Amino acid sequence: MWNPIIISVKDKKLGNALNLLKSADTPALVLKNFFPKESCDIVSSRVTEYFSKNKCGNNKKIGISLVSLRNDKENYFKMADAARSVIRNIFHGMQDPRKKIHSELKEILNIDDISIAKEKDSRYACGVIRIHDKESESSLHRDNVSFEAPHFSVSNLKSQLSFVLPFQSPDKGGELQLFHQRWKEKDEKFRRVDFGYYDEVIMQNVESVKISPTKGDLMVINPNLYHRIQPVVGEKLRITLNMFAGFLPNKNEILTWS
Ligand SMILES: O=C(O)CCC(=O)C(=O)O
Ligand SMILES: [Fe+2]
């Protein structure tokens with residue numbers, strides 16, 4: 001059986017779990033009750049209000065993601081700076097979950113250091129808040145910054161990780177489905193022109209798991225495994241904080257970005 005490792009935050013140190021994640025022997029680490037549910041509710045109502053006031057079209061996120069601007073480096077860093085105060089305001093008056101991820105995962109994962117990635121004098125974006133509603137599509141994909149954005153310094157990092165912190169779960173659906181299959185360069189023939197990959201990329205009899213997003217439970221995944229978000233059912237939005245991380249070569253040190 002290929003199942004996530006569920007950790008109570010009280011367990012603190014995780015032993016071998018990080019290696020199991022890197023080797024894909026486990027699909028995910030789930031840190032129960034990582035972020036207070038009351039704070040999740042406050043964030044969710046602020047995010048919902050933000051989207052009702054700001055007409056965002058199909059752009060259902062707050063914050064900047066590297067993949068969407070990978071061919072416009074200057075603009076990526078400019079927009080990353082412009083987005084900082086917007087995200088900070090969403091977390092106003094509470095412990096910033098991004099800071100909590102940085103400080104507590106250092107201890108829990110037994111890492112020497114975790115900080116936001118930099119490139120010369122520019123700081124990478126820190127976190128994207130994503131909403132998924134019943135109209136949202138999430139294609140099968142994998143995240144691999146080394147392949148997708150080779151002219152950014154984070155492309156030199158190893159063992160990419162993805163952090164997903166749900167603030168609100170939909171009534172039904174919205175599970176994160178992970179396949180026990182890593183992306184390989186030869187899979188590029190299955191790539192869709194818009195985003196992601198055709199389902200044919202998944203080989204026969206490959207196992208998959210579906211993890212329901214539970215507010216406050218931090219999921220850490222190996223995003224080199226194919227994954228997708230199942231359709232959201234009902235009116236309630238799926239709201240998450242998403243961040244990436246990678247290891248400095250030959251170091252037990254992580255840099256983060258979004
Ligand atoms: O929001 C999620 O559950 C997963 C998002 C995702 O694709 C990722 O973190 O790489
Ligand atoms: Fe992803």
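## The loop between S15 and S16

Asn250 lies in the loop between S15 and strand S16 (253–257). Strands here are DSSP runs of E of at least two residues, and helices are runs of H or I of at least four, both numbered from the N terminus. Asn250 has a positive phi of about 60° although it is not a glycine. Asn250 counts as exposed, because it has 7 C-beta neighbours inside 10 Å. The cut-offs are these: a residue is buried if 20 or more other C-beta atoms lie within 10 Å of its own, exposed if 12 or fewer, and partly exposed in between, with C-beta atoms placed from the backbone.

Lys251 is found in that loop between S15 and S16 too. Lys251 is exposed, with 12 other C-beta atoms within 10 Å. Lys251 and Phe179 are 72 residues apart in sequence. Their C-alpha atoms are 28 Å apart in space.

## Basis of the model

This is a predicted model: local features need pLDDT of at least 70, side-chain atom pairs count only at pLDDT 80 or more, and totals for chains, interfaces and linings use all residues. Residues are numbered from 1 along each chain as its sequence is written, while chains are lettered from A and ligands numbered from 1 in the order in which they are written.

## Asn205

Asn205 also has a positive phi, near 60°, in a residue other than glycine. Asn205 lies in the loop between strand S10 (176–182) and strand S11 (208–211). Asn205 is exposed, because 6 other C-beta atoms lie within 10 Å.

## The shell around ligand 1

The residues around ligand 1 are Asp143, Ser162, Val164, Leu176, Pro223, His227, Ile229, Thr240 and Asn242. A residue is near the ligand if its C-beta atom, placed from the backbone, lies within 6 Å of it. Three strands each supply at least two residues of this shell: S8 (158–168), S13 (225–229) and S15 (238–247).

The shell divides into 4 nonpolar, 4 polar and 1 charged. Here Ala, Val, Leu, Ile, Met, Phe, Trp, Tyr, Cys and Pro count as nonpolar, Asp, Glu, Lys and Arg as charged, and the others, Gly among them, as polar.

## Ser162

Ser162, one of the shell residues, has its place in strand S8. Ser162 is buried, because 21 other C-beta atoms lie within 10 Å. Leaving aside neighbours within four places in sequence, Ser162 is in contact with Asp143, Ile221, Pro223 and Phe244. Contact means C-beta atoms, placed from the backbone, within 7 Å. The C-alpha atoms of Ser162 and Asn33 are separated by 18 Å. These two residues are 129 residues apart along the chain.

## The nonpolar core

The largest nonpolar core has 65 residues. Such a core is a set of buried Ala, Val, Leu, Ile, Met, Phe, Trp, Tyr and Cys residues joined through C-beta atoms within 7 Å. In soluble globular proteins, nonpolar side chains tend to be buried together.

Phe163, Met219 and Val220 have the most contacts inside the core. Beyond four places in sequence, Phe163 is in contact with Ile101, Leu218, Val220, Met243 and Ala245.

## Helix H3

Helix H3 (residues 73–90) has 18 residues and should span 26 Å at 1.5 Å a residue. The expected span is 1.5 Å times one less than the number of residues. The end C-alpha atoms of H3 are 26 Å apart, which agrees. H3 bends by about 30° at Ala83. That bend is the angle between axes fitted to the seven residues ending there and the seven starting there.

The buried residues of H3 are Tyr76, Phe77, Ala80, Ile87 and Ile90. They pack against helix H2 (37–53), strand S3 (61–62), strand S6 (122–123) and strand S7 (128–132).

Tyr124 lies in the loop between S6 and S7. Tyr124 counts as buried, with 21 C-beta neighbours inside 10 Å. Not counting residues up to four places away in sequence, Tyr124 touches Ala80, Ile116, Ala117, Lys118, Val154 and Trp257. Ala80 is one of the buried residues of H3.

Leu105 is found in helix H4 (residues 97–108). Leu105 is buried, with 24 other C-beta atoms within 10 Å. Leu105 touches Ile111 and Ile114, not counting residues up to four places away in sequence. The C-alpha atoms of Leu105 and Leu31, 74 residues apart along the chain, are separated by 10.0 Å.

How values were computed:
Two residues are in contact if their C-beta atoms, placed from the backbone, lie within 7 Å.
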